[in-house]
Amino acid sequence: MNSRNLCYLACAALLTLTESRAAPKPKLLARDAFSAVQPQLFANPGAFSNAWGDYDGDGNVDLAVGFKSGEVRLYRYDRQGFVEVGAAAGLTMKGPEVRALAWGDYDGDGDLDLFVGARDRIYLMRNDGGVFKDVTAEAGISLDKVVSRQATWIDYDNDGDPDLHLANRSGTDFLFRNDAGHFTEVAAEVGLADTRKAVGACWFDMNGDGYPDVFIAHQDGDTDALYRNEKGRFTDVAPALRMDRADRKGRTGEGSVGCAVADYDNDGDLDLFVAAYGTSMLYRNDGGRFTDIAKDAGLIAEGHAVSASWGDYDNDGNLDLYITNYHGESKASQPAVYLFRNLGGRFENVMTSDNPVNAADHGVQWVDYDRDGKLDLSLTRGYTSQGGAPVFRNRLGGSARGHSLEVMVLDANGHARPGSEVRLFDRSGKILGARLVMGGDGYNAQSAIPAHFGLARTQKVTVEATYLTASGRVTQRVEGIDPNKQQGRVLMVRQR
């Protein structure tokens, strides 16, 4: 064993000992920690996909949900509550089940458009002042025989506009390059025409070279992929990094499903969780090299893990992890959710089977929809006649309620930049953590929402936004931000 590994083991042992003395075991999640919001409104069964974004530009995030019936419902939030407006807004799809939703301003007009991925067909719905029009054919993305479970808006070539990636469960994956609002399919040209059974995808700059890379989760005994972006061309480096899960090749009952990116250990780089049928993985990022430390960190998820979302629900400065998981046959399954509370790099599952938020088997998102400084929970349950797409309000009380900061990263034109990064530093210059500006979130879920930081203390901080541009990584800092003065507001960082 080399000296680095010996040091790591010694440091890990010391950290574990220190935590056992300083931090008591977390209590199980109280049954009233989250309260259901308008439960009858969100009770429509067969919900698979959820995506949050401010489609009408009123400063409040709204919720789109895709259903087994092929319907897309749009729940507008206006501080008085949610109202379902999908049909009135032009979202009248019916037919094959909807598994992929993604908000993104593909035409650069300042409002969020909606991609809808259904079994065997897709839609691109352009937002014209809050009313949606189907522009799939004229935009150049018409497809047949595609089973997309995850769609991602991401500027893969750093030319300033969002491109569209589709993980395809049946056939070749797709990458549509955006050229001034018209798309060209380029997956084969750039090396992303993967034919494995893709269901989940996570885009992030894994090695800090200024280009977004993509991890793709594959099912049914197919190995996983991690495509390194080499200035717009892609090479699968998962085998070299030992992230392909070659040990399960051909074992059709196993496979990866969803993925979720986060700086779980607050060291400034982006780590990766992979939900799987079988054993799930937590890959710690050390400068572009990854180590599966799930077992050592106490994050042991076994069974049928489907989707996951990172969020600091208790505002203690450490990202927690909600994992949708189920047991039994899919048509009669029951949720067996994990909620891992992060105790400074080690995890404890605080979920109980009888908790009301043990209620998801597909897409999950953390979102502070009511801007009260606490992350709320958006779930989907598609396999049974129960559940629907419940939203739960976080009832965290005490001083921790206001211990947070939300940051939205915008380009010079005032548009959100998926793939950008946000880092927070305290007054001494110590890093408090990093967040990724999402263009997609792993499996059956996506949101175009601000980055949320829970804070152990509400002292002044420095915010650092990193843009991925044609000139490489460009960093912009905003100093002296007082979180106490930002409560109920989003800090906007606009590229100069």
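**Entry 1: strand β29**

I started with V407, which stands opposite A451 in β33. This is a predicted model, so I am reading computed values throughout. I then counted the links between the two strands: β29 and β33 run antiparallel and are joined by 4 bridges.

Next I looked for another partner of β29. I found strand β36 (residues 491-494), which runs parallel to β29 and is joined to it by 4 bridges. Here I noted V409, which stands opposite V493.

**Entry 2: the largest cavity**

Rolling a probe the size of a water molecule over the atoms shows where empty space is left. I looked up the cavities of 30 Å³ or more and found that the structure holds 4. The largest has a volume of about 410 Å³.

Which residues are the closest to its centre? I wrote down W310, M438, I449, P450 and H452, out of 29 residues that line the largest cavity. Elements giving two or more residues to this lining include β33 (451-454), β32 (445-448) and β31 (431-436). I also noted β17 (255-262), β21 (302-311) and β26 (364-367) among them. By class I have 17 nonpolar, 5 polar and 7 charged residues in the lining.

**Entry 3: the second largest cavity**

I then turned to the second largest cavity, which holds about 70 Å³ of space. Its lining includes S404, L405 and E406, along with D368, R371 and G373. I also found Q486, Q487, G488 and R489 there. My tally by class is 1 nonpolar, 5 polar and 4 charged.

I placed R371 in the loop between β26 and β27 (376-379). Is R371 buried or exposed? It counts as buried, because its relative accessibility is 15% and the cut-off is under 20%.

I logged N266 as well, with a positive phi near 55° in a residue other than glycine. N266 sits in the loop between β17 and β18 (271-279). N266 is buried too, at a relative accessible area of 16%.

Key. Residues numbered from 1 in each chain as written. Predicted model: local features only at pLDDT ≥ 70, side-chain atom pairs only at ≥ 80, totals over all residues. Heavy atoms only, no water. 1 Å grid on protein atoms, 1.4 Å probe; cavity = no way out; pocket = protein on both sides within 12 Å on 5 of 7 lines; lining within 4 Å. Points joined across faces, edges and corners; volume = space filled by probe spheres on them. Nonpolar A, V, L, I, M, F, W, Y, C, P; charged D, E, K, R; others polar. Buried < 20%, exposed > 50% of the residue type's maximum accessible area, 1.4 Å probe, protein only. Pairing = 2+ DSSP bridges.
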